[in-house]
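Hello,

Here is the structure I promised to pass on. Please have a look when you get a moment; my notes follow below it.

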Amino acid sequence: MWDVMMWPILACVLLPGLLVYLGMHVVRRGIIFIDIAMAQMASLGVCFAVMKHMDLDSPLTFWISLGFTLLAAALFAFTGKRNGEVPQEAIIGIAYVVAAATSVILLSQSTEGDEQIKNMLIGNILLVTKEEIFRTLGLFVGVGVFHWFLRKRFMLLSFAPAQAAASGMRVKLWDFLFYATFGLVVTSFVQIVGVLLVFTYLIVPAVCGVLTAQRFGVRLAIGVVLSLIGGVTGLMISFYKDLPSGAAIVCVFGVLLVLAGLVSLFVRPKPPPSPSA
Amino acid sequence: MKHSIPMLLTVLAAFTGTARAKLSVVTTLADYAALAREIGGDHVDITSMAKPTEDPHFVDARPSFVVKLRSADILIEGGAELEVGWLPPLLQTARNPKLEAGAVGRVQAAEGIRLLDVPATLSRAAGDVHASGNPHFMVDPIIAKAVAAHIARAFAAADPANAASYATNEKKFEATIDAKLQDWGRALLPFRGQHLAAYHDDWLYFARRFGFDVDVFLEPKPGVPPSPSHLAEVIGKIKAEKIKAIIVEPYHNRKIAEKVASSTGAHVVEAAQYPDGLPNTATYVELIDVLVTRLTTALKN
């Protein structure tokens with residue numbers, strides 16, 4: 001077991017912490033599908049590079065893909081208005097479908113077979129390599145340190161946007177920095193574990209934390225612990241039942257969320273009924 | 001009671017003895033597994049990674065694949081870039097020196113086979129990602145014979161004790177194919193020279209062997225849904241060439257084929273490239289039998 005599952009388990013232990021933290025922001029901001037939109041923009045970048053006959057693993061392809069991710073970050077930062085009748089989630093959804101459709105069109109025009117592109121974009125946790133884990137860990141530590149030093153501003157931005165705007169900080173610039181680092185994390189994680197797992201690691205632990213605790217630190221701790229339990233349990237089940245690894249992990253997270261929901265019935269005081277309802 | 005333990009040990013030794021003697025063979029696709037079964041008989045233990053109804057270009061890796069690859073003596077793959085999207089990372093994870101490129105245990109079926117549709121230039125701009133040619137060669141029974149011989153040689157090299165058995169089985173397979181080729185050829189003879197349509201460009205070796213011309217493809221590129229203008233062009237060609245059959249496989253979009261069929265009067269022929277991809281096709285010969293029957297039925301109409 002160990003010799004096959006060591007690197008996947010290590011990946012599930014070392015990497016998701018940062019995603020759980022970012023997931024707290026994403027859930028709070030109510031922009032649930034931003035990761036998928038970002039990943040789709042990055043893959044649109046790859047399709048574009050392929051159209052221009054660049055090799056899939058050339059550095060230029062990587063930079064183009066990164067460029068598209070930053071473009072998406074800018075788009076979300078500058079269109080992200082917190083009031084009005086168009087929710088930001090609508091912009092995100094539109095960015096996703098347009099990017100996905102553009103990829104389909106680009107690939108239909110390219111003469112390359114697209115199986116390699118698909119395989120490159122959608123990783124499989126079972127096949128993660130040592131190099132991928134440490135490369136990604138390096139990036140995550142970098143982004144993590146960045147977020148640690150600037151945590152006060154990012155927290156204000158996500159959790160008290162009105163106060164952030166009133167404090168005179170340059171909201172759009174800081175939003176851009178948030179989305180840019182977020183995009184970097186998501187696109188590199190997608191390449192080693194696939195879209196389903198990225199979404200799961202971002203959203204499920206954060207929601208479990210919100211359901212069962214009040215303070216941010218406690219929520220984060222609950223999320224991180226659950227992400228470890230979910231990842232390792234899912235990999236074990238995948239090994240002993242011989243199931244696709246990513247899908248097994250996602251289903252375990254589904255069960256964890258139900259459990260957290262049940263726990264929330266007992267531990268969390270009900271919020272007072274809102275008068276407007 | 002006293003002699004029960006030594007006896008138990010003898011029994012155990014006998015079991016582990018036979019278990020060790022069996023060659024552990026992993027194949028990427030079900031067609032190689034079917035041939036390996038013909039050649040290896042009881043001396044080999046065979047696992048096919050892709051299911052016969054799974055698209056060979058995209059196969060979902062499962063933990064058991066890595067486990068099997070790790071302890072395998074022999075890996076049989078196409079070797080012509082068909083499995084390029086999913087096999088290399090599996091091998092990298094399994095790290096089995098017996099299966100390294102060039103090792104006795106690594107059987108690349110395409111080796112020594114003259115592939116069709118090899119792109120003239122290798123520049124990426126020129127196109128085809130299958131740089132070594134069209135990799136769907138196993139549905140040509142004569143090529144299958146060559147691959148069977150290749151497999152028999154590899155088994156003999158890895159397990160010399162049973163070399164005679166592998167050689168006998170290979171001769172038997174060859175004789176069966178030679179006899180069957182007469183039947184298949186006779187059944188398809190009336191339709192020689194006809195044009196056929198297919199969802200994906202993977203019937204050219206079959207077509208060459210039996211005198212067909214498969215030259216209309218429903219998908220412009222693997223995985224890319226046909227555009228309306230492409231479909232219109234396909235329908236026009238099918239009408240102009242009076243094509244009577246559209247070949248689809250389990251992992252293709254049947255709806256598109258049915259749409260084209262309903263507006264042209266051609267028949268959708270459900271086919272498979274892999275044994276067990278259709279009912280009652282457990283062996284290679286049974287598969288070709290069923291393909292020939294289905295095709296003649298569709299073309300007679």
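At what angle do helix α2 (residues 16-29) of chain A and helix α8 (residues 151-159) of chain A pack, and how far apart are their axes? Bear in mind that this is a predicted model. In it, the angle comes out at about 30 degrees, and the axes are 9 Å apart. Because angles under 35 degrees count as roughly parallel, α2(A) is roughly parallel to α8(A). On the α2(A) side the contact is made by H25(A), R28(A) and R29(A), while α8(A) contributes F154(A), S158(A) and F159(A). By type, the residues of this contact divide into 2 nonpolar, 2 polar and 2 charged.

Strand β5 (residues 195-198) and strand β6 (residues 213-217) of chain B run parallel and are joined by 4 bridges. To get from β5(B) to β6(B), the chain passes through helix α7 (residues 204-210) of chain B, in a right-handed β-α-β crossover. One of the residues to look for here is A198(B), whose bridge partner in β6(B) is F217(B).

Last, a loop residue. T281(B) sits in the loop between β8 (267-270) and α10 (284-300) of chain B. T281(B) is buried, because 21 other C-beta atoms lie within 10 Å and the cut-off is 20 or more. Apart from neighbours within four places in sequence, T281(B) is in contact with A272(B), P275(B) and D276(B), as well as E286(B), L287(B) and V290(B). N301(B) is 20 residues from T281(B) along the chain, and their C-alpha atoms are separated by 24 Å.

Best wishes

Key: Residues numbered from 1 in each chain as written. Chains lettered and ligands numbered in written order. Predicted model: local features only at pLDDT ≥ 70, side-chain atom pairs only at ≥ 80, totals over all residues. Pairing = 2+ DSSP bridges. Helix = DSSP H or I, 4+ residues; strand = E, 2+ residues; numbered from the N terminus. Right-handed = clockwise from strand over helix to strand, strands pointing away. Buried ≥ 20, exposed ≤ 12 C-beta atoms within 10 Å, placed from the backbone. Contact = placed C-beta atoms within 7 Å. Axes fitted to C-alpha atoms, helices over the stretch in contact; angles between N-to-C directions. Parallel < 35°, antiparallel > 145°, perpendicular 65-115°, else oblique. Nonpolar A, V, L, I, M, F, W, Y, C, P; charged D, E, K, R; others polar.
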